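These notebook entries record what I looked up in one structure, residue by residue.

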Amino acid sequence: MTDRRRITGFSNPTVKALRALRDKKHRKREGRFLAEGLRLLTDARESGRVPEMLVLSTARDPHPLLAALEADVAAAGGEIVETPPDILSKITGKDNPQAVAGVFAEFDTALSALDRSRAPIWLVAQALRDPGNLGTMLRTGDAMGAGGLILIDDCADPFSVEAVRASMGAVFTQTIAQAKWDEFLPWLRAGDGQLIAASLRDAQPYRDAPYAAPCLVMVGNESRGLPEEYELACDLRVTMPMRGRADSLNAAVAAAVLGYEILAHLDK
C-alpha cells in the first residue's frame, strides 16, 4: 500500500499552503497550481503530467482510475495526502469538493517554445479577463484539434482554479503561451502564420475568406473587443452575420464558430 500522510487540522501548514494556491500572486511565486476532480487529473495523467502532490478525501470511493493515479504519483516520487472532506473543501474553495485534487508545476508558457507548424490552427486571446471564457477557449481548442492558446497582454490566469475547472482537462492537452503584443507580432512575422480576427473593419464574409494554415484566430476582450491597431495588423478580417438583436458573440463562442469554419475550409 502506498504511504500516505494524514492531515486532520485546518491549521496544518500544508492546508494553508494549498489554500494559498487559489491566489494568483502565491501561484506565481510558487510556480504551482491546483486542479480538482478525478476526470481532470486523469486527463493530466494521460497527457503525461502527474501531480507533485495528490490530495485524497477520506470519504472517497475506490476507483481504478484513482488507483492508477496514486500509483503514478508514487512512482514519480510525489506526495499523497489524505484529509477529511471539510478540509478538502477549504483547500479547493468548493462546498461540495470532489474526492481528489492535485498540485501541478506550472508549464513553460514562453512564446519561443511554441512550434506553430505543429497544428493548422491556433487560438489567440487578447486581454481576456474571464477565467471561465479562458477555460472554455482551451476546451474549444482541444475539441477542434488546435495547437494551443496564445494569451496576449493582460489576460486571466490560465492556472487559476476557475480556468482549470472550465477547461475540463484541456489545460493539460493544449499548449499555452503568454506574451505582450509587441513580443507576439515580431514572433508571428518571423515565420508562417495567418492572423485572423472577426471584425467590421474592411472585413469579408467568414465563409468565403482565403484561409491558409497555420491560422491564428484572435479574439479580444469581452467588453471592448480588439484594439484597432491589433485588428489592422491582421492578415485577414472576417465578419460573421448577426441575424438577431445581438451585435456580437461571446469571445469563446466566436473563436469556436470561426475556428470550425476555418477547419472546414482547410479540409477541402
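In which loop is P214 found? I located P214 in the loop between β10 (204-205) and β11 (215-219); helices (H or I, at least four residues) and strands (E, at least two) are DSSP runs, numbered from the N terminus. I then checked the peptide bond from A213 to P214 and found it cis, with omega near -5°.

On provenance, I note that this is a predicted model, in which local features need pLDDT of at least 70, side-chain atom pairs count only at pLDDT 80 or more, and totals for chains, interfaces and linings use all residues. Residues are numbered from 1 along each chain as its sequence is written, and side-chain values use heavy atoms, with hydrogens and water left out.

Next I looked up backbone phi. A127, in the loop between β6 (121-126) and α6 (131-144), is not a glycine, yet its phi is positive, near 55°. I recorded A127 as buried because its relative accessible area is 6%; buried means under 20%, exposed over 50%, and partly exposed in between (1.4 Å probe, protein chains only).

M168 is another non-glycine residue with a positive phi, of about 55°. I placed M168 in the loop between α7 (161-166) and α8 (170-173).

Last, I turned to G37, in the loop between β2 (32-36) and α3 (38-46). G37 has 1% relative accessibility and therefore counts as buried. Setting aside neighbours within four places in sequence, I found G37 in contact (heavy atoms within 4.5 Å) with Q98 and V100.
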